[in-house]
Amino acid sequence: MNYPGIDPCRVRIRGLSHAYTNAGRQVEAVRDINLEILDGEIVCIVGPSGCGKSSLLNLIAGFERPRQGEILVHGHPVRSPGPDRVVVFQDLGLFPWLTARGNVEFGLKVRGVLKKDRREVAERFMQMVHLDKFMDSLVHELSGGMKQRVALARSLALNPDILLMDEPFTALDAQMRDYLHLELQEIWDKTRKTILFVTHNVREAATLGHRVIVMTAHPGRIKKEFKVDLPRPRHIEDPGLIEIARSIMEELRGEVATAMKEELKNE
Amino acid sequence: MSRPLRQGLLFLGALAFWEFLVRLHLWPDYLLPSPLQVGRTLADGLASGELPLAIGVSLRRTLLGFGLTALAGIAFGITIARHPRLDDTIGSLMLGMQTLPSICWFPLAILWFGLSEFSILFIVGMGTFFSVVNSTVAGVKNVPPLYLRAGLNMGAHGYVLLWEVVLPAALPSILSGLKQGWSFAWRSLMAAELLFVNLGLGHLLSVGRELNDMSQVLAVVLVILIIGIAVEMGVFAPLERHLRVRWGLQKSLSSVAETAPARS
């Protein structure tokens, strides 16, 4: 929906370029990225490994400052990490000294929310990820899929403007991943969060995204954008989806080859 | 066989061996008294109030010296770990200082503070301080960056990040430093009390030597040993176990042991 005077874009990225120093060498991560993410949209970014897709996510999260260009979230430039842009990390970063509940409540506690209200919020989101029976479990007692869901609940509890997901399902087995794809769509349906989802799995991207953005190999630029107009909830095996995934894959294949060549050359 | 039973048997075995040595009459009574004799001295000392007083004084000194310096050591360690320049300079100095037995501070303490209670606390504190500082520095520096990122991302900054993320994440390392610091403190105290003429268990030990009373010497040694073991088993072991269970280290260790292939 469009309201006059209100930017319909959650995230607006203009002319973004970034490089970092690795072992004394300048490595160009992304070059001239222009991207707009609408309110309540799921945008997936795919690209060969090392294409800077994680860098892009870190820049939006505010862990790094861009060398060039700007990132606006709700019209405000990103200066530092903050709970309006919560990251679901690939390695989760759940705190092992806290219970599942403690992890979900963490951001609220930091924000100074009262204990009673914290409990309520934690319970609501643990229910949303179907883990309300595991509130008081310790992190190491949970399975990989459960940990992933706790991390999701922990992020949602902060009620962020945008959820940044960095290959969150990579470490899971295929069945669990399928299941979480459905669950994430269900959660999106309930919360209508804006989600930026980085992955190297093309089918995953097509399943989740309203749009899938293909990035080039090093340095990362936006190569092509695909719109996925299929009804939800989608399943990774849906025929229409496989069709779209194939054309995305075609676009990506050349980039993967380039990335491989470059890696071999460097060694 | 249950663990307490095994430990009890070991203890009885040691007593029996001691009694056996005494019965061989290789050494005269006044050099190697029997367990029963030492037990009687122990009971007399407890009844007369002499031992409880000494235990009280020694424990108070350790707790005070250990407690205050441990707190200071944790605070100092965090400061060092968070400033690379301090870590390069003072950090390596701290590592060096840890190798100095704290009783070496004895002459300095006497000259600076005289034969006072503060001198003893100073020596005990010097035993504690460096191991707590060093383990805190190591613990804070080893906090996985992912935890810091996650904390920052959820809105924790500055002192909140320190209190809610850095300290809990560094706690296992800090605890092992506290444990080491405690044992250094206890040892330094005994050494200091042997040299000072001023109450405490170490003092009783030195009185025993002066009176040629081997039975008292052994009784006091037993008390010192028992207190050391009691603190280890009653305070540090449960704390460490609690941490291991919480972090899931206990489980992984035992399950690794269970699934480890048998050596051929």
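Guide: Happy to. Across the interface of chain B and chain A there is 1 salt bridge. Its partners are B:E164 and A:K109, whose closest N and O atoms are 3.4 Å apart. Please keep in mind that this is a predicted model.

Around that pair, 21 residues of chain B are in contact with 28 residues of chain A. The size of an interface is often given as the accessible area lost when the parts come together. For chain B and chain A that buried area is about 2100 Å², and carbon and sulfur atoms give 67% of it. On the chain B side, the residues that lose the most area to chain A are B:N153, B:M154 and B:R246, which together make up 36% of what that side buries.

Now step into chain A, which is divided into domain 1 (9–84 + 161–266) and domain 2 (94–159). The centres of these two domains, taken over C-alpha atoms, are separated by 25 Å. Their contact takes 17 residues from domain 1 of chain A and 13 residues from domain 2 of chain A. About 1300 Å² is buried between domain 1 and domain 2 of chain A, with 69% given by carbon and sulfur atoms. Three residues, A:P83, A:E183 and A:I187, supply 31% of the area that domain 1 of chain A buries against domain 2 of chain A, more than any other three residues.

Here, too, the interface between domain 1 and domain 2 of chain A holds 1 salt bridge. The side chains of A:E183 and A:R149 also meet in a salt bridge, with a distance of 3.1 Å from N to O.

Over all chains, the count comes to 30 salt bridges. The side chains of A:R10 and A:D161 form one, at 3.4 Å from N to O. This pair links distant parts of the chain, 151 residues apart: A:R10 is in strand β1 (residues 9–22) of chain A, while A:D161 is in the loop between α4 (144–156) and β7 (162–166) of chain A. How exposed are the two ends? A:R10 has a relative accessible area of 14%, which is under 20%, so A:R10 counts as buried. A:D161, with a relative accessible area of 25%, is partly exposed.

Another salt bridge in chain A brings together the side chains of A:K223 and A:E255, at 3.1 Å from N to O. Because A:K223 lies in strand β10 (residues 222–227) of chain A and A:E255 in helix α7 (residues 239–266) of chain A, the pair ties together parts that are 32 residues apart in sequence. A:K223 is partly exposed at 36% relative accessibility, whereas A:E255 is buried, with a relative accessible area of 12%.

Over in chain B, the side chains of B:D87 and B:K141 meet in a salt bridge of 2.5 Å, N to O. Again the pair links distant parts of the chain: B:D87 is in helix α4 (residues 84–98) of chain B and B:K141 is in helix α6 (residues 117–141) of chain B, 54 residues apart. B:D87 is buried, with a relative accessible area of 17%, and B:K141 counts as partly exposed at 45% relative accessibility.

Some salt bridges share partners: in this way A:R101, A:E105, A:R118, A:E123 and A:D136 are joined into one network.

Let us finish with a helix of chain B. Helix α2 (residues 35–48) of chain B has 14 residues, which at 1.5 Å a residue should span 20 Å; the C-alpha atoms at its ends are 20 Å apart, so the two agree. Its buried residues are B:P35, B:V38, B:L42 and B:G45. Seen down the axis of α2(B), these buried residues fall within an arc of 90 degrees, so they line one face of the helix. Among what covers them are α1 (3–23), α3 (50–82) and α10 (214–247) of chain B. On the other side of α2(B), B:L36, B:A47 and B:S48 are exposed. After α2(B) comes B:G49, with a positive phi near 90 degrees.

How values were computed: Residues numbered from 1 in each chain as written. Chains lettered and ligands numbered in written order. Predicted model: local features only at pLDDT ≥ 70, side-chain atom pairs only at ≥ 80, totals over all residues. Heavy atoms only, no water. Helix = DSSP H or I, 4+ residues; strand = E, 2+ residues; numbered from the N terminus. Expected span 1.5 Å × (residues − 1). Buried < 20%, exposed > 50% of the residue type's maximum accessible area, 1.4 Å probe, protein only. Arc of directions from axis to C-beta. Contact = heavy atoms within 4.5 Å. Salt bridge = Lys/Arg side-chain N within 4 Å of Asp/Glu carboxyl O. Domains from an automatic or database assignment. Buried area = accessible area lost by both parts, 1.4 Å probe.
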